[in-house]
Amino acid sequence: MANSKYEYVKCFEVGDEAMFPNIILVWIKASKLHKPHDSNTLKLMNSCAVEVLEEYADVVFAYGFSDEYTFVFKKTSKFHERRASKVLSIITSFFSSVFVRKWDEFFPHKELQCHPSLHGRVIACASIKALQAYLLWRQTICHLSNQHEQCLWRLVERGMNEKEAWDFIKGFEKSDLNNLLFDEFNVNYNTLEPILRQGSCVLKTTGEDTVKYTDNGAPIKRHRRKIVTVHSKKIASKRFWNEHTVLLKDLGGFVEEINNVTPEYVRSFEFDSKLMPCTWIVVRIDGCHFHRFSEIHEFVKPNDDRVLNLMNLCAVAVLEKFWEDIVFAYGVSDEYSFILKKTTNLYQRRANTIISAIVSFFTSTYVMRWKDFFPQSELKYPPSFDGRAVCYPSTEILRDYLSWRQVDCHINNQYNSCFWKLVASGKSKREAQNSLKGGQLQKKIEELAIDYNKLPVMYRQGSSIYRDKVDNVLIHQENGESPENYGKVIVGHFDIIGPTFWLEHPNILDE
């Protein structure tokens, strides 16, 4: 980060570490997945969960059903210093990225119509017993929700609309739902696919693999960790849990059986604070390991218009989706900051939900629109972003935050311009770094004959996104206000440190 007088704004960042010895769980839920869920949808969700376990060594178990998944971290995990916002946003972002990339594999003849969006939260289980209670609760919900959905969609197929079907089965007990399925539709609930009734467990286990053969043909085997997907009737039972040595080692064993649990008890472990009211909320997202990502995908250095325009497009999509709440966005390189108005009540100002929803939508848009900017380049692996939310009490401090980011843009771009000019001249990357250590960047720019002021303004000032002011009175439609009434979304490259831009657009930060 660049040093500047605006760096004081970092003091408003609040720590959100999930302290030891809590076991970290990340729960995510997809929004508006097509229902009823067919087996292909569930298999796609399972495939995404498998990739999460393959990508992140600290995630050792996952349980999912319908449109949700829970990921369990080993008890000794120090993943991103156990910062809840980072842990949640990375898992949610990666899952979203994989979901889009794998869609065609499971739906080869059905185009993905909208950008999938997930939201989630972190649960900090204080003990292995609390984890056991949580898993029992989720599998119980799996059973109940599946029974309701099996009845609901069969009633819809028979001719009811969704509301009529829900009203019809409202208040039904488990036995009533089973009887309805059997008597009206000749369906024995217990014969439905286990993936529907019991959900899916993805876990790490050990097994023998043949790694090579001796000269006389005898196999040489090694014990290796594998990732398997199973559908167990009782995932919170001692028998299921304690027969998996990896779970015992990384999480601990279940000591006794539990048969019921109150949802209020489990919800007490949710790690989700509400953001302070009457403050500006800034959600900043950053690309995860984008140095490696840029090298593998051969981005143009020091700036690649394709990448920056793709980031801008994703940010525009976020503003259009959350049009009632996000008033401004500023982006540079692989980061974007989204400004939510002081009066927003988006997701009841729950930090986890806001962060995960924005990061997920941004990520899925990035993957879906990749081909628009890189038609000749395949996406070689799923990109991901992390996020955080910070509250700023006044417009003055918020503007200082944005100034901090633009100063950072200036200095980083100056450094990168010099660095890649040195590399292009024949120096190694290490030599270029050493050459720039402790030096005055402005002096280096002159020495390297870089006409910095003639570089594209997007490189030097970053990208600002906002809605143009609408002069006419807002038109109230039957379903409320329309995003079009708020004005056209503008992408521009401005000096947002000085007062001119803000004086010309007073409506953006109008309190």
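Student: Before we count anything, what counts as a helix or a strand here?
Tutor: Both are DSSP runs numbered from the N terminus: helices are H or I with at least four residues, and strands are E with at least two. Keep in mind that this is a predicted model.

Student: Fine. How many helices and strands are in the protein chain?
Tutor: The protein chain has 18 helices and 15 strands. Its radius of gyration is 26 Å, close to the 24 Å that the globule rule gives for 511 residues, so the chain is as compact as a globular protein of that length.

Student: And what box do the C-alpha atoms fill?
Tutor: Roughly 80 × 80 × 45 Å, taken along the principal axes.

Student: What share of the residues is buried?
Tutor: Buried residues are 51% of the 511 in the protein chain. As for contacts with a separation of 6 or more, 74% of them join residues 24 or more positions apart.

Student: Let's do helix packing. At what angle do α3 and α4 cross?
Tutor: Roughly 130°, with the axes of α3 (residues 128-158) and α4 (residues 162-169) coming within 9 Å. That angle makes α3 oblique to α4.

Student: Is that crossing left-handed or right-handed, and which residues make the contact?
Tutor: The crossing of α3 and α4 is right-handed. From α3 you have His148, Cys151, Leu152, Trp153, Leu155 and Val156, and from α4 Glu162, Ala165, Trp166, Phe168 and Ile169. By class, the residues of this contact are 9 nonpolar, 1 polar and 1 charged.

Student: Now α14 and α15. How do their axes cross?
Tutor: The axes of α14 (residues 395-424) and α15 (residues 429-436) cross at roughly 135° and come within 9 Å. Those two helices are therefore oblique to each other, and α14 passes α15 in a right-handed crossing.

Student: Who's touching whom there?
Tutor: α14 brings Tyr415, Cys418, Phe419, Trp420, Leu422 and Val423, while α15 brings Lys429, Ala432, Gln433, Ser435 and Leu436. The contact of α14 with α15 has 8 nonpolar, 2 polar and 1 charged residues.

Student: Switching topic: where does Gln198 lie?
Tutor: Gln198 is in the loop between α6 (194-197) and β5 (200-213).

Student: Buried or exposed?
Tutor: Gln198 is buried, because its relative accessible area is 9% and the cut-off for buried is under 20%.

Student: What is Gln198 in contact with, leaving aside neighbours within four places in sequence?
Tutor: Gln198 contacts Tyr63, Gln139, Cys142, His143, His231, Ser232 and Lys233.

Notes
Residues numbered from 1 in each chain as written. Predicted model: local features only at pLDDT ≥ 70, side-chain atom pairs only at ≥ 80, totals over all residues. Heavy atoms only, no water. Axes fitted to C-alpha atoms, helices over the stretch in contact; angles between N-to-C directions. Parallel < 35°, antiparallel > 145°, perpendicular 65-115°, else oblique. Left-handed = near helix turned anticlockwise from the far one by under 90°. Contact = heavy atoms within 4.5 Å. Nonpolar A, V, L, I, M, F, W, Y, C, P; charged D, E, K, R; others polar. Buried < 20%, exposed > 50% of the residue type's maximum accessible area, 1.4 Å probe, protein only. Rg over C-alpha atoms; globule rule 2.2 N^0.38 Å.
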